[in-house]
Structures are given as C-alpha cells and as structure tokens.
Amino acid sequence: MSKESNIDFVVKNHLCTSCGTCVGICPYSALSIKLNSYGVFAPFRNVADCTDCSLCVSVCPGHKLDYHQLHTHISGSIPPNETLGPVIGTYCGFTRDSSILPQVQSGGVVSSLLIYCLHKGLIDGAIVSRWSPEKPLIPQTYIARDRSAILASVGSIYN
C-alpha cells in the first residue's frame, strides 16, 4: 500500500484551489484528486511515485501567492474578511426567460447568459457542472454546446 500525503505540504495557508493543474502536469502520475478530511477535493501525492521534481509546485497558482501583499497592493489594505476578500458591490438578478426560471435555483442569470452567448455565436460552448447521474454526490464537468446541455447543469453545486 502506498503512502499518500495531502499537497498542503507545499501550498501554504490553504491557498490550494483544487484546480488540478498539478495533477495534470506531473510526469510520474504521483498526484491525484481525492476528498480530503474536510470533504473538499484536493490533490494528494503518492510519496513512493514522487521524485520531488517540483514541477507541480511550479505551476501551482497558490504556491507563491502572497495574499496580504496582493490585497494591500490592490486595495490599499487587508480586507476585514480575508476569506471573502474585499467587497466592491453586491447585486441581485434573475432571468426574464419564463421557461428557465422554474428550473433554476438561484435566479438563472448564468444559465441565461450562457444560452444568449451560444445563440449569438459569442461562444462555441461553456464548461459547466452537474451532479453525476452514476454518483449523485460527485460533480461532473462537461462542455455544454446547446440550450438543453446548459439547462441540464442548472442548480448550485456546493462542494
């Protein structure tokens, strides 16, 4: 049985966004995405397969990020809520498409915007997520290229 460790050993201050770039770049397949002890998908490394080449670290968007310096540079100070960041404004909206509104959970703005962009030819497809039909607690990401595929992804996925 191989020994695994969470990737937090290199990404400080919990700045790993679970983007998976490290997993995709690893030439030794030493990394994988799994649920961690907090129920969040996170990269883990198989210590036996890892050569410490640091390629995963070099592509990590959270590894060298100095959170405090970044926020001080952008807004002149550290935000009162470091998790949320600075709040510039808040807005509320909902779709005006009466065929979409009954299907959506949070107003349908994103779904309506994606459908509009597809219809106008502004995009060829959109990367969206839905709950996996085979594993209902696992999100499934796919490219939606038409209205029905976008509407199949309505509803928030909190993971």
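At a relative accessibility of 14%, Arg 45 counts as buried, the term being applied under 20% relative accessible area, with exposed used over 50% and partly exposed in between (1.4 Å probe, protein chains only). The structure is a predicted model, in which local features need pLDDT of at least 70 and side-chain atom pairs count only at pLDDT 80 or more, while totals for chains, interfaces and linings use all residues. Residues are numbered from 1 along each chain as its sequence is written, and side-chain values use heavy atoms, with hydrogens and water left out.

Two salt bridges are counted, each defined by a side-chain nitrogen of Lys or Arg within 4 Å of a carboxyl oxygen of Asp or Glu. In one of them, Arg 45 pairs with Asp 52, with 3.2 Å between the closest N and O atoms; Asp 52 counts as exposed because its relative accessibility is 57%. Asp 97 forms a salt bridge with Arg 147, for which the closest N and O atoms are 3.4 Å apart. Asp 97 lies in the loop between helix 3 and helix 4 (109-119), whereas Arg 147 belongs to helix 5 (residues 147-151), so that the pair ties together parts that are 50 residues apart in sequence; helices are DSSP runs (H or I, at least four residues) numbered from the N terminus. Both partners are partly exposed, Asp 97 at 26% relative accessibility and Arg 147 with a relative accessible area of 35%.

Leu 65, located in the loop between helix 2 (55-59) and helix 3 (67-75), is partly exposed at 35% relative accessibility.

Methods: Helix = DSSP H or I, 4+ residues; strand = E, 2+ residues; numbered from the N terminus.
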